[in-house]
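Please read this note with the sequence and the model open side by side.

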Amino acid sequence: MAKPMGPGRGIPEKSKNFSGSVKRLFSELSNFKIVIGIALILAVAGSILSIIAPDKLSKLTDEISKGLVVNKDNMATVTENITNNFKNIDVSKVMTSPSLTSEEKQEFVQMMSNADKDDEKSLIKSFSDLNENIQNVLLPEIEVDGNYINGVDQTKYLCLLSEMSKEVTPNELYKKIDKMPKSIQKSIKPFMDMDKIKSIVMLIAIIYVCSSLFTYIQSFIMATVSNKFARNLRSRISKKINKLPLKYFDKNQTGDTLSRVTNDVDTIAQSMNQSLASFISSITLFLGTIIMMFHTNYILAFTAIIASLFGFAFMFKILGKSQKYFTKRQEELGKINSHIEETYTGLLVVKAYNGKKVSDKKFDECNEKVFEANKKSQFLSGLMMPMMAFVGNFGYVAVCIVGALLTQKGTISFGVIVAFITYVRLFTQPLSSIAQAFTSLQSTAAAGERVFEFLDEEEMDKEDDIKTTLDKDKAKGNIEFSNVTFGYDEDKLIIKNFTAKARDGQKIAIVGPTGAGKTTMVNLLMKFYEINSGDIKIDGISTKELSRDNIHSLFTMVLQDTWLFDGTLRDNIVYNRENVSDKKIMEICDTVGLTHFVKTLPNGLDTQMNENDSVSAGQKQLITIARGMVEDAPFLILDEATSNVDTRTEELVQKAMDKLTAGRTSFIIAHRLSTIKNADLILVMKDGNIIEQGNHDDLMKQNGFYSDLYNSQFEL
Amino acid sequence: MLNSMLKLFKNFKKKDIISILVIIALIVLQVWLDLKMPDYMSAITRLVQTEGSKMAEILKNGGFMLLCALGSLVSAIIVGYITSDVSASFSKNIRKKIFSKVESLSLHEIKQFSVSSLITRTTNDITQIEMLIAMGLQLLIKAPITAVWAVTKILNKSWEWSALTGIAVVILLGMITFVMVLVLPKFKKVQKLTDKLNGVTREEITGIRVVRAFNAEKYSEERFDEVNNTLTKTQLFTQRSFAIMQPVMFIVLYFLTLGIYFVGAYLIDGALMSEKLTLFGDMVVFSSYAMQVIMSFLMLAMIFMMLPRAGVSASRINEVLDTDITIKEGNFDGNTKEKGTVEFKNVSFKYPDAEDYLLRDISFKANKGETVAFIGSTGSGKSTLINLVPRFYDATEGEVLIDGVNVKEYKEYALNNKIGYVSQKAFMFDGTISSNVSYGDNGKDDVTPEQIKKAISVAQATEFVETMEDSYDSHIAQGGTNVSGGQKQRISIARAIARNPEIYIFDDSFSALDYKTDLSLRKELKKYTKDATCLIVAQRIGTIMNADKIVVLDNGKCVGIGTHKELLKKCDVYKEIALSQLSKEELENG
């Protein structure tokens, strides 16, 4: 079935290292080695059977055409015998014959006396007018090929014979034969061996059935294997995502990873499912047909191959050209699509700035180019089918003409021509599937490369050698940063020599302009990234000696981005924790002020939370806060956690949080300075350094950056 | 579904219809030639069979057959050329139509469709239709003609053969229907599951910090596996069902040939001597016609498989094309005596299909050079209000006047020339910093490089722009992915400044900036645009404290208008908002 291609598809992506990726692909498939082997053997067997079939079909045709040819030998014998009989007529025999009545004898004498004995034709005519008994006596019964022919039939035969001219056309002869008496027809009519025909038909039927069965089993196996392989790859990718350092996701776009999970894996599965077996069976078919053709008749084989190749050379030239236009088409489509995307997403700006004219102009230009490329690529690719048909017909005529010549010379039988007609079809068909399979194999190699590249990405440290654990219930809550430096890129430091101390139960705020490194500090504390130098200690233990899982379990963290996943509200709050009662959930909802929201939802806690427009940014943020509150941890991190909540709600949440975090160390990053005024320690960050620290009053007295920042909200 | 397709096809132009008529004529010719060929085939067969036939006869028939094949090829090429032209130009026209339509849709309609859906409708859906026309147009015309014609050719040859062919067609169509009924719904499911898989993976990546912070790796892997397994199971079902199609097709086709030969053997055996040869020729010809019949039925089946998908696309496209444009431009060219005034007179607004009003009875006036600010909690309607000025929406009741003239009377172009609008979410075009700042058309001369520089400096963006590699010509990626949120916002503010409008509209455009930048930007702006009127939506009290007028909104109603000081005294809502941000002393000192 034709699969419509979307933008971006259709052109096979070239792989960087074709043979390398194919090898890798096969080594990944080693689990399925045996089943794939079986499938491929079946594919080969299926093609071999479909090559044998035409040969048998030609035998069938031969058998049937035997039923067209008159048995010339018998006809000659019949003619000879009857003519002999006629020439040696013994008149006395009639007179003495005991089986004839006297009236009959009388009739005969009468006829003989009237007849002109020199004119054979009229004599025969007179014979046929005689009583049947007399005829039988006159021309004694003869036997040809087990058929007995009596006098009456012989007379009829002589009659028909005498009416024929010397130069008789086959058609006239056949018409005469239809008039001949049954006894003679039996011996000279063409003979069709129905038993033999039946057995050949049975054989061909069995071949077809087997071949179809093989194909079915093969497709079944390949569908199973390719889908299981795809599942396997997808699940490995999903696991890999969790093992990669965050650095990877900073550098690579989400869309790119996504397309590896879906598009690339799909490409691999699809081409395994369709191309691999068809590639193998096409090659078998191609080679097999050539062998069979030469085996049957080498002259016709050359004719068929040359005639087809002539057409194919032409076709491949066109195909090569159309490939160029397809690439062009994809490019132009990509351009217009990105223009459409830009215009639609920025439509308000386009409209308000009177940008429509410019945008329309660009659109028209792109549209015209897409039109041209579309037209050309479609036209050229549409040529494929009629060209194939023509090549087939051309091969047919060539085979027929050369075949006719050979038949006339008696070199081959008609059945051979019939077989070749099928061979020509079988021969032209795999060539295009081989070409198709090859391009699809190429895009598979490219897809495989991308998938394996991802699976081979360097993972985070496995932390096998980490033995120390810090029990969540026993953690006191002292955190110490000493001379921490860090950069997402080695040569571009974001955090420079950061030193700070948080004592248990303190509320610590980090403020500073965008890009100062506030969120980075939190990332380091959570061990999302490894620090370049310096150390972070929790209760005196270096985070380097603690496993990531251990550290994560010590913190409750609420982020600025409100992250909800496709699931119910309950799923989103409970998340991966088990045995959380509804009562507890409702309590938390109460604390963060979600109760009213839950009540307005159609299914309460069981409402699906997929990209629902009815959930506002503020509500989403409250849900993520609730998620963080399900489990108590000794440390709390709020990274701009309330930036989307209006200031009145924020106050409420803040109070609840304060209650919750009483006695716990907490880190708060906030834009709104009002949020953090009561913090025990405010760290003012700029360009990766702490430039001021202290509580609000201290910092205001210093009259530095913080007081500047703070006062700017009241200035004109 | 078919209806929507037909409706869409009404967009074919006259020229296209003539082209289609030519295509039909050529296809008839092609089918005639295609069906003529078996006649020559049978002639050749008979000649080869009969002893004593002359080579010249065979060559003559062979030549004719090749001529037919060549003629058929030529006509197919011409048909292909015309079809590709028709389909490509059809898609070009529809694409243009949708694009223009979307450009004139109101904000509300765009939100209803969602931008991403509109994009798909303009791109993928059109490609779908184009595919159908390109492939379907030929097949849809050719298949029935071939089928009917070939059937008439073979119908009187022998009822036994015809019956066999009929059975084969019925079996094939039956099988296709069966598989389709079984599999087609699963295809939709596969699509949905693929989307879901994508969704889950996207969630896994976008929420990776949350996943790790909660130690929820296993939880998310389980979620993924669940979808992965269902997807695999469904795919297995569809593909295994499809696996049966090819072998069955193969068997039916070949058994038909075999059956025709087998029945033929009996027919020939029982026939008169003079009819045998004709029968034999008929048999060979019949089997090739029978193939044609079956093939054309298969082609038809293929189109019917494509139809549902294209039908969905067609109706999605129609939905956009059928949307009524609610905002129609007026005739006024914008030449007013009064400059820089914005007045709302008893304005109420609700969405056309909604029951509740989002804005109720709002009245205020902004005079030339004044700054009017709007504040209120999320959902209070401040953005909606400000969007009524550039007519992203139209007021349901009441009037919005600019320079004393109702906005509905302005030409779109003239209205926009008076306004410099900065959206909440900054938007960047693919291009350079300069091209982004000078974007659009304000009915005056082109923006000069000096003006661009000035605008950027007023927007407090000079510092970061000049440190960029190519300074003002630095490349900005589509959507501005290579600049930060705050930088984007400043460029988009510069864009409005470069426009030099009578009226500025800032829809919460300052919240991405830190206090300091926010402050200096507003100071500079005030200096630069003394005469311009400013409408500002804001969340921070600090941003709007010094506005000439502050309009306080609560649930779509105006609950107070006045200066900061006045409002602190008389407006409770304002006081609450202010107190949640600043302490009492701060408010008084400020």
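Predicted model: local features only at pLDDT ≥ 70, side-chain atom pairs only at ≥ 80, totals over all residues.

1. Residues are numbered from 1 along each chain as its sequence is written, chains are lettered from A and ligands numbered from 1 in the order in which they are written, and side-chain values use heavy atoms, with hydrogens and water left out.

2. Chain B contains 22 helices and 12 strands; helices (H or I, at least four residues) and strands (E, at least two) are DSSP runs, numbered from the N terminus. Its radius of gyration is 36 Å, whereas a compact globule of 590 residues would have one near 25 Å; this radius is taken over C-alpha atoms, and the globule rule is 2.2 Å times the number of residues to the power 0.38. Along the principal axes, the C-alpha atoms of chain B fill a box of roughly 120 × 60 × 55 Å.

3. Of the 590 residues in chain B, 57% are buried, where buried means under 20% relative accessible area, exposed means over 50%, and partly exposed lies in between (1.4 Å probe, protein chains only). The accessible surface of chain B comes to about 25000 Å², and 57% of that surface belongs to carbon and sulfur atoms; such areas come from the Shrake-Rupley method with a 1.4 Å probe, and for residues only the protein chains shown count as cover. Among the contacts (heavy atoms within 4.5 Å) in chain B between residues at least 6 apart in sequence, 77% join residues at least 24 apart.

4. How many residues of strand β10 (residues 665-669) of chain A are buried? The count is 5 of the 5, so β10(A) is largely enclosed by the rest of the structure.

5. Strands of a sheet pair through backbone hydrogen bonds, either parallel or antiparallel, and here two strands count as a pair if DSSP finds at least two bridges between them. Strand β5 (residues 507-511) of chain A pairs with β10(A) in the parallel sense over 4 bridges, and A:Lys507 has A:Ser666 as its bridge partner in β10(A). Strand β9 (residues 635-639) of chain A also pairs with β10(A) in the parallel sense, over 5 bridges, with A:Asp639 standing opposite A:Ile669.

6. Elsewhere in chain A, 4 strands form an open sheet with antiparallel pairing, in the order β4-β3-β6-β7. Strands β4 (495-502) and β7 (541-542) stand at the edges with a single partner strand each, so one side of each is left without a neighbour in the sheet. Between strand β3 (residues 479-486) and β4(A) there are 5 bridges in the antiparallel sense, and A:Val484 stands opposite A:Phe498.

7. The whole structure has 36 aromatic pairs over all chains; rings of Phe, Tyr and Trp (its six-membered ring) pair if their centres lie within 6.5 Å, and planes under 30 degrees apart count as stacked, over 60 as edge-to-face and the rest as tilted. The rings of A:Phe32 and A:Phe229 have centres 6.3 Å apart and planes at 85°, so this pair is edge-to-face. Because A:Phe32 lies in the loop between α1 (18-28) and α2 (33-66) of chain A and A:Phe229 in helix α11 (residues 194-241), the pair ties together parts that are 197 residues apart in sequence. Both A:Phe32 and A:Phe229 are buried.

8. Ring pairs also link A:Trp563, A:Phe565, A:Tyr575, B:Phe214 and B:Tyr219 into a cluster. The charged end of A:Arg627 sits over the ring of A:Tyr575, 5.4 Å from its centre; a charge sits over a ring if NZ of Lys or CZ of Arg is within 6 Å of the ring centre and within 35 degrees of the ring normal.

9. A:Ile237 is found in helix α11 of chain A and counts as buried at 0% relative accessibility. A:Ile237 and A:Phe454 are 217 residues apart in sequence, yet 7.6 Å apart in space, C-alpha to C-alpha.
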